[in-house]
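Here is a short briefing on one protein model. Keep the structure in view as you read.

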Amino acid sequence: MKKNILYAQSGGVTPVINATACGVIEAGRANLDRIGKVYAGKDGIIGILKEELIDTSKETKASISALRHTPGGAFGSCRYKLKSIEESKREYERLIEVLRAHNIGYFLYNGGGDSSDTAHKVSQIGKKLGFPVQCIGVPKTIDNDLPITDNCPGFGSVAKYIAVSIMEASLDVESMASSSTKVFVLEVMGRHAGWIAAASGLVAREEGDPPHIILFPEVPFKQREFLKKVKASVEKFGYCSIVVSEGVRNSKGKFLADAGTRDAFGHAQLGGVAPVVANLVREKLGYKYHWAVSDYLQRSARHLASRVDVEQAYAVGEAAVRFALAGKTGVMPVIKRVSESPYRWKIEEAQLSRMANREKMMPKRYIAADGMGITAAARRYLAPLIRGEDYPPYDRDGLPKYVKMKKVLAQKKLPEFDI
Ligand code: F6P
């Protein structure tokens, strides 16, 4: 009997995670001689535990194809921590029970570092419980902080949105700076890694170009140097554009903005550093300011996706199915940069055990000597990742044509499970 695929989305979504889902499902459909169905966990692993498996064969070809240009997580995602096999034994056993009940031969888990860890554990426990399921991790994270892979699907599009946004907002500020706003602060995501903030630096091609200051989580915030540079930029260029990463910390290692809440993985919920920085500028320098928190706008801005990113997101989904059919398990398709100019990439294979729970920060050589900008090496790394456009189709009302899944669930076969 042909085995089924179970695909699940995990953690924070990206503008292109559905392009990966599209790659998985289309590759599954292209191999129906060897694969039964492609199921998707409703709201990620939570749906799997609850035996809520979406039967993607109920979706039309056109709907699946439209996933490629639709943001959000079409099947639902979640932050749900499976701990060690000993601590979360009940949940791991339930997972295997669900996989067994639905004849799942391949578990494809689309997430970041935490999800690689879970996928790795599922592959171990399956073997232990006599139900060896092939587990393939599928990379995604806007934070771009996974090890081994050259970059992460989702990052390039957020990087492009942030670069374009700071470019446009700075034109606005510059035009009225002589009599009005002199400082603009844009807050970006990225958690502990400054990749997204760094991407804004691509806009600064000549002296005076924005952003004039980038604040990275990798560089402890030094108030005096920062204010000095704000003042110098306003005096020299008439205004100052600042990009600040949500994960910036002071010299004592404390986040400048920590909402005080924690997610299921124990991560601090960040956000709100832009007003902190802007207020500091007004208090100490007296400049009029505006600030913006790009928050979920950056994570969902599919209308401004990078073409390279969309292509890579699709390719890792397709490759995950290819790996599964080749009998692989405990691996993840990753992106390898083959050449920089012209930019060329290919998909390779990495062991999940090497991906799990490791964050890749910006290396020192990518951060300018004063800690508030990017170097030429960073520019060479980042530039190809935001190249090309991949606009969604628009309807007559001028809105993008995004798709919604029907989410028809497979018939349940097991007793209820409390999570
Ligand atoms: O990990 C991706 C990410 O978007 C981070 O950049 C951000 O800090 C976090 O997720 C926000 O998570 P949530 O949407 O669960 O609050």
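An oxygen atom of the ligand sits 2.4 Å from an N or O atom in the side chain of Tyr296. This is a predicted model. The points below cover the ligand site, then the nonpolar cores.

**Ligand site**
- Glu246 also reaches the ligand: one of its polar side-chain atoms is 2.6 Å from a ligand oxygen atom.
- For Arg191, a polar side-chain atom lies 3.4 Å from an oxygen atom of the ligand.
- On its own, the ligand has 400 Å² of accessible area, and the protein covers 83% of that.
- The residues around the ligand are Arg79, Ile142, Asp143, Met189, Gly190, Arg191, Glu246, Tyr296 and Arg299.

**Largest nonpolar core**
- In soluble globular proteins, nonpolar side chains tend to be buried together.
- The largest nonpolar core here has 43 residues. Phe155, Ile196, Phe216 and Leu382 touch the most other members.
- At least two core residues come from each of helix H6 (155-176), strand S6 (183-188), helix H7 (195-200) and helix H13 (376-382).
- H6 gives the largest share, nine residues.
- Why does this core lie between domain 1 and domain 2? Both domain 1 (4-140 + 303-357) and domain 2 (155-302) give residues to this core, so it lies between them.

**A closer look at Leu382**
- Set aside its neighbours within four places in sequence, and Leu382 is in contact with Phe155, Trp195, Ala198, Ala199, Leu202 and Ile374.

**Another core**

How values were computed
Residues numbered from 1 in each chain as written. Predicted model: local features only at pLDDT ≥ 70, side-chain atom pairs only at ≥ 80, totals over all residues. Heavy atoms only, no water. Core = buried A, V, L, I, M, F, W, Y, C linked by side-chain atoms within 4.5 Å. Buried < 20%, exposed > 50% of the residue type's maximum accessible area, 1.4 Å probe, protein only. Helix = DSSP H or I, 4+ residues; strand = E, 2+ residues; numbered from the N terminus. Domains from an automatic or database assignment. Contact = heavy atoms within 4.5 Å. Near = heavy atom within 4 Å. Polar contact = N/O pair within 3.5 Å; in protein donor to acceptor, adjacent residues only side chain to side chain. Areas by Shrake-Rupley, 256 points an atom, 1.4 Å probe, with all protein chains shown as cover.
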